[in-house]
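Here are my notes on the model you sent over, point by point.

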Amino acid sequence: PQEEEEELVDPLTTLREQCEQTEKCVKARERLELCNERVSSRSETEEQCTEELFDFLHARDHCVS
């Protein structure tokens with residue numbers, strides 16, 4: 001009989017998910033989501049939320065490292 005193959009999970013994905021729950025990441029994600037909502041609510045804007053995205057990714061990656 002064939003053994004059922006276990007689905008492999010990338011440990012980096014698991015670490016990122018855990019780090020996203022830290023206070024610093026949660027606050028950075030909230031700022032990013034607020035910015036996205038603000039940009040989405042306007043028909044013409046030059047705002048892109050790049051800084052907020054980088055802040056969130058930096059906080060998460062700092063935690064992962």
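1. Start with E20 and R29, whose side chains meet in a salt bridge, 2.9 Å from N to O. By salt bridge I mean a side-chain nitrogen of Lys or Arg within 4 Å of a carboxyl oxygen of Asp or Glu. E20 counts as buried at 18% relative accessibility, while R29 counts as partly exposed at 30%. (Buried is under 20% relative accessible area, exposed is over 50%, and partly exposed is in between, using a 1.4 Å probe and protein chains only.)

2. A word on what you are looking at. This is a predicted model, where local features need pLDDT of at least 70 and side-chain atom pairs count only at pLDDT 80 or more, whereas totals for chains, interfaces and linings use all residues. Residues are numbered from 1 along each chain as its sequence is written, and side-chain values use heavy atoms, with hydrogens and water left out.

3. Back to the charges: how many salt bridges does a search of the whole structure find? It finds six. One of them links D61 and R60, with the closest N and O atoms 3.7 Å apart. Salt bridges with shared partners join E20, R29, R60 and D61 into one network.

4. Another salt bridge pairs K27 with E23, and here the closest N and O atoms are 3.0 Å apart. The two are four residues apart in helix α2, so about one helical turn separates them. (Helices are DSSP runs of H or I, at least four residues long, strands are runs of E of at least two, and both are numbered from the N terminus.) E23 is exposed, with a relative accessible area of 56%, and K27 is partly exposed at 42%.

5. Now the cysteines. A disulfide is a covalent bond between the sulfur atoms of two cysteines; the working cut-off is a pair of cysteine sulfur atoms within 2.5 Å. Searching the whole structure turns up two disulfides. Counting bonded cysteines along the chain, they follow the pattern 1-4, 2-3.

6. C19 and C63 make one of these links, with their sulfur atoms 2.0 Å apart. The link is left-handed, at -75° about the S-S bond. It connects distant parts of the chain: C19 is in helix α1 (residues 11–19) and C63 in helix α3 (residues 50–64), 44 residues apart. C19 is buried at 5% relative accessibility, but C63 is partly exposed at 33%.

7. C35 and C49 form a disulfide too, again with sulfur atoms 2.0 Å apart. C35 sits in helix α2 (residues 23–40) and C49 in the loop between α2 and α3, so the pair ties together parts that are 14 residues apart in sequence. The link is left-handed, at -95° about the S-S bond, and both cysteines are buried.

8. Which cysteine is in no disulfide? That is C25, and the nearest cysteine sulfur, that of C63, is 5.8 Å away. C25 is buried, with a relative accessible area of 1%.

9. Last, the annotation. An unreviewed UniProt entry places "domain: Ubiquinol-cytochrome C reductase hinge" at residues 10–65. UniProt positions are in the numbering used here, feature names are shortened, and annotations may be inferred rather than shown by experiment. In the model, that span is 75% helix and 0% strand, with its end C-alpha atoms 15 Å apart.
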